[in-house]
Each structure stands twice: as structure tokens, then as C-alpha cells.
Amino acid sequence: MASQQEIADFLKRAQTKLNETSAGVFFQRNNARLLPSFDRGSEDSDEKNSKEEFKLGETLGRGAFCEVREITAIMLKRPTDAKDPFASSLILPLPKETRNSDRDITNTDEGEFPTNLFQSKDEIRKYMSENFMRKDDDGLGNHPRYALKQVKMVNMKQVETGLIDLSLEAKFLSCLNHPNIIKLRGVAGEPLSPNFGLVLDRLYMTLKDQIDAWTAEKKVANGTGLCACLFGSVDTHAISSLIFSATTVAYDLSCALRHIHSLNLVYRDIKPENAGFDVRGDLKLFDMGFCKELTNKIHDEQSGMYKLTQLTGSPPYMAPENFLGKPYGKPVDVFSFGVLFWEMLHCKLAFYGYKFREYQMRVVEGNYRPPINESLTSRVQELIKECWAPDPKKRPTFDRICLSLRAEHGELANEHGEDQGGITRSIRLANKSVRSFRIHAKRRSSIEMSEHGQFEH
Ligand SMILES: Nc1ncnc2c1ncn2[C@@H]1O[C@H](COP(=O)(O)OP(=O)(O)O)[C@@H](O)[C@H]1O
Ligand SMILES: [Mg+2]
């Protein structure tokens with residue numbers, strides 16, 4: 001149990017950090033979305049008297065500080081005229097203009113959320129409480145539409161860090177609007193209290209799950225599966241179809257990152273556990289816990305980069321300059337993207353089993369990178385080499401990565417006779433996602449924290 005003094009000190013530290021984060025121009029220039037808040041109960045109150053407005057279901061995943069659970073019911077308890085605990089909160093920037101005057105019901109965002117329908121937070125609360133389940137098209141039951149991200153109760157220090165990072169994440173997500181970035185639908189609980197949480201669109205599998213599924217498919221196609229052992233052939237069509245899927249996903253991811261960089265933000269934690277797929281199979285980048293605005297205040301004149309915290313992110317995807325504590329900036333995301341793109345195409349971990357010292361000696365100081373499959377096009381081979389170049393100045397921008405991947409995708413789409421508009425792709429990926437999601441959902445009863453992305457010191 002924390003004392004009153006400890007809580008007061010924590011709130012002071014949190015406010016300082018949140019104020020610092022809001023000091024740049026990002027929050028002045030970018031409009032926040034209208035976000036409702038939901039009440040949470042305390043553990044000791046009984047169900048009848050509890051303020052709790054959510055029923056939580058299975059745990060969908062865990063990160064270093066947070067866990068994500070599905071929301072299986074939303075029961076509104078707070079009366080419409082009651083005070084919104086977020087009305088004057090430090091955490092959420094206020095929406096700048098009164099919106100939605102034309103009430104165009106047909107305008108839904110990519111999460112099937114009729115954004116233009118709402119005039120007030122109460123209207124959104126009502127809509128969400130009536131639509132928290134999605135009917136499954138193939139009649140296999142309903143799925144929750146929303147997930148709650150909250151801090152894991154480990155120890156005081158971790159809870160504190162988790163709560164501050166979660167509040168920063170809420171701030172960034174409330175102002176980010178891109179089809180490949182997860183949508184924040186609301187917030188829950190008292191700001192900066194242990195039951196504080198983010199209400200997000202529920203995803204059906206992570207990019208890590210997708211790479212695992214590709215790895216299994218590749219094994220079969222390469223002749224190590226049962227069919228291939230019996231018939232002894234490599235299924236080249238299946239292999240090129242995997243490359244096409246990986247390129248499509250990489251393109252979507254690069255669009256999300258191009259958007260983030262265009263706002264002068266750096267993401268700093270690209271890895272397969274931080275991206276996933278929605279019900280339609282569209283890629284969404286999530287986990288903005290390490291997102292940071294590149295302001296003048298932290299600019300380093302000499303290098304042209306920024307003074308940022310050393311060793312931020314997940315080491316097997318970490319750029320050398322971040323690892324070594326030099327000033328860094330947007331190129332660290334390009335490095336991580338290069339490693340991840342290589343992994344998506346090769347269905348392997350780039351630096352499998354590396355411990356901290358080994359990563360430092362081989363990757364950071366020795367510039368080792370795994371070999372790139374020569375059957376990939378020269379455009380893709382060059383792109384990966386440029387992305388993970390030791391010198392951050394030699395890495396491409398996400399504008400250029402997007403252009404290059406779009407050209408690559410277009411050529412592959414022609415070869416595959418696919419619609420370049422992406423309709424065929426969405427349907428194909430959606431079918432795969434839902435199928436894999438069901439397999440994963442069964443396995444999820446005993447979730448273990450992924451070892452991928454963590455060093456053993
Ligand atoms: N919206 C979501 N829907 C389903 N699962 C999610 C969602 N967001 C996160 N997860 C799962 O929870 C894990 C941890 O979430 P994340 O936001 O990355 O937390 P942390 O900040 O602790 O790393 C993810 O790797 C993923 O497996
Ligand atoms: Mg994460």
C-alpha cells in the first residue's frame with residue numbers, strides 16, 4: 001500500500017512528465033478526437049454497488065508493463081449528467097472544435113465506427129454499450145469489438161512507469177488518425193490510478209502470430225511438410241504468395257510510420273508484437289508507449305539528431321546509435337523496420353538467441369547482418385540493406401520506403417493477377433486472420449510473455 005505522500009509525489013512526477021510531453025507543437029497542431037470515458041469499480045466493492053462499467057474477458061496479450069483484455073460487456077452506470085472524470089484531465093487534449101454538425105451516418109471509419117454520428121461523449125458511450133459485440137459472418141458466434149489495455153500489477157516502480165507511459169500513449173493516440181494505426185475509442189478509470197485503461201479496437205492476431213503462420217506455411221511449401229515429403233516438390237507459387245503477403249503488410253506498416261514521422265514523432269519500438277490485424281485483416285500499428293515528439297528543446301546541433309533516452313525499445317530491433325546512447329532520431333525506426341521486414345520475408349528471427357553482449361559485439365560494433373535471400377528482387381534486397389545501414393544518414397526515409405514498396409507491390413500484384421486496390425488482399429488476409437485467430441484463441445488459455453524482443457542479460 002502506498003502512503004498519501006508517496007501518491008502525491010508520484011502524481012507530481014507524472015504531471016511534470018505529461019507537461020513536458022505536451023510542450024511541443026504536436027498537441028497544438030493536431031486535433032484530438034472526441035473520446036468518452038468509462039467508470040471502473042474498485043476490487044472490494046460488490047457487483048451491485050460497483051461503478052464498474054466493463055465486464056472483462058480473456059487476456060489477449062501482455063507486454064513489459066501492460067496487459068490487454070477483451071471487453072465482453074459494457075454496462076453504463078454513470079448518469080448522463082454526471083461529471084466526466086476526464087473533462088479537465090491533463091491526459092487527454094481537449095477537442096478543439098465542435099464537430100459533426102452534418103451527422104452523416106454513412107461515414108464510418110475503418111473500424112466500422114460511425115464517427116460522424118456523435119455530438120457528445122454520452123452518445124458515444126451509448127453507442128459502444130449497444131454495439132460491444134460483433135456478429136461473426138460465418139455464424140460461429142459473436143466477438144467483442146473492444147479491448148482494454150491497463151497496467152500489470154507487478155511492483156510499485158513498474159506500475160508507476162506503466163501508468164505514465166499509458167497516459168502518454170492515450171495522449172498520442174487521441175490525436176493520431178491513420179487507417180494503419182490502432183484507434184483509441186475511449187479511456188477508463190481515474191486518470192493515473194491503477195485501474196486506468198485505454199479502450200482500443202480489438203485486434204485478432206499480432207504480426208508475430210502472422211509471421212509464425214507464414215513460417216508454418218513456408219515449411220510446407222519448401223518440402224519439409226508431410227505433403228511435400230510424399231510428393232517431393234517445392235511449391236513456388238505458395239512461396240511467392242507468402243512474399244507478396246509480407247510485402248503488402250510491410251507496405252501498410254511503412255504507411256503508418258510515414259504518417260508518424262510526418263508529424264515529427266518517432267515511434268521507437270517497432271517489433272512484431274506491436275502490430276496486428278483487425279477483423280478485416282488490415283494491419284494496425286499499436287503501443288505508442290515510447291512515442292516521442294522531436295522538439296527543438298532536445299535537438300542536438302552538432303549531429304542534427306535529438307537527445308533521447310538510450311536503449312529505448314526492444315534490443316533485437318534497436319539501432320546502433322540508440323543502443324550506444326548517441327543522439328538519434330527518425331532513422332532508428334527505419335533500422336527496426338529493416339530488421340522486421342527481413343524477418344517477414346525470411347520467416348526467421350534476424351538475431352535469434354543473441355544476448356545483450358553478443359548483440360553489442362556482433363550487430364552494433366561488428367555490423368553483422370544476416371544474409372538476404374538472393375531470390376528476392378534487387379529492389380527489396382537494396383531496400384533492406386539501406387534500412388539497416390550502420391550510418392543513420394544512409395538510411396532511407398519512410399517516404400522513400402513507401403514509394404519503393406508500392407512499386408514492388410504493384411509488380412507482384414500484376415504477377416499474381418491481383419487487384420492492386422487491395423480489395424482482394426483485404427479479403428484474403430481477413431480470411432487468414434480470422435482462421436488463425438481462432439487457432440490462437442484456443443491456445444491462449446496459458447499466455448506466456450513472449451521471449452522474442454527481450455534480451456537475457
Ligand atoms: N487492441 C488489441 N487487441 C488485441 N490484442 C492486443 C491489442 N493491443 C495489444 N494486444 C496484445 O497485448 C500485447 C501487449 O500490448 P502492448 O500495447 O504492446 O503493451 P506494452 O506497452 O506493455 O508492450 C500485444 O503484444 C498484443 O499481443
Ligand atoms: Mg508492446
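## Strand 6 and its neighbours

Strand 3 (66-74) and strand 6 (146-151) run antiparallel and are joined by five bridges; strands here are DSSP E runs of at least two residues and helices are H or I runs of at least four, numbered from the N terminus. Two strands count as paired if DSSP finds at least two bridges between them. This is a predicted model, in which local features need pLDDT of at least 70 and side-chain atom pairs count only at pLDDT 80 or more, while totals for chains, interfaces and linings use all residues. Residues are numbered from 1 along each chain as its sequence is written, and chains are lettered from A and ligands numbered from 1 in the order in which they are written.

Cys 66 stands opposite Val 151 of strand 6. Strand 6 also pairs with strand 8 in the antiparallel sense, over five bridges, and there Tyr 146 has Asp 201 as its bridge partner. Six of the six residues of strand 6 are buried, so the strand is largely enclosed by the rest of the structure. Buried means that 20 or more other C-beta atoms lie within 10 Å of the residue's own, exposed that 12 or fewer do, and partly exposed covers the values in between, with C-beta atoms placed from the backbone. In a regular strand the side chains alternate between the two faces of the sheet. In strand 6, Tyr 146, Leu 148 and Gln 150 point one way, and Ala 147, Lys 149 and Val 151 the other.

Six strands form an open sheet of mixed pairing, in the order 1-7-8-6-3-2. Strand 1 and strand 2 are the edge strands, each pairing on one side only.

Strand 7 (residues 184-188) has five of its five residues buried, so it is largely enclosed by the rest of the structure. Strand 7 pairs with strand 1 (residues 37-38) in the parallel sense over two bridges. Ser 37 has Val 187 as its bridge partner, and Phe 38 stands opposite Ala 188. With strand 8, strand 7 pairs in the antiparallel sense over four bridges; here Val 187 stands opposite Leu 198.

## Surroundings of ligand 1

Ligand 1 is surrounded by 21 residues, the closest being Gly 61, Gly 63, Cys 66, Leu 203 and Asp 287. A residue is near a molecule or strand if its C-beta atom, placed from the backbone, lies within 6 Å of it. Strand 2 (54-62), strand 3, strand 6 and strand 8 (197-201) each give two or more residues to this shell, and strand 2 gives the most, with three.

The shell comprises ten nonpolar, five polar and six charged residues. Nonpolar covers Ala, Val, Leu, Ile, Met, Phe, Trp, Tyr, Cys and Pro, charged covers Asp, Glu, Lys and Arg, and the others, Gly among them, are polar. Ligand 1 lies between domain 1 (4-202) and domain 2 (206-418), because both give residues to its shell; the domain bounds come from an automatic or database domain assignment.

## Two helices

The 19 residues of helix 12 (residues 398-416) should span 27 Å at 1.5 Å a residue, and the end C-alpha atoms are 26 Å apart, which agrees. The expected span is 1.5 Å times one less than the number of residues. Buried in helix 12 are Phe 398, Ile 401, Cys 402, Leu 405, Glu 408, His 409 and Leu 412. Seen down the axis of helix 12, its buried residues fall within an arc of 135 degrees, so they line one face of the helix; the arc is that of the directions from the helix axis to the C-beta atoms. Asp 399, Ala 407, Gly 410 and Asn 414 are exposed on the other side.

Helix 5 (residues 207-221) has 15 residues and reaches 20 Å from its first C-alpha to its last, close to the expected 21 Å. Its buried residues include Asp 209, Gln 210 and Trp 214. Gly 223, which follows helix 5, has a positive phi near 95 degrees.
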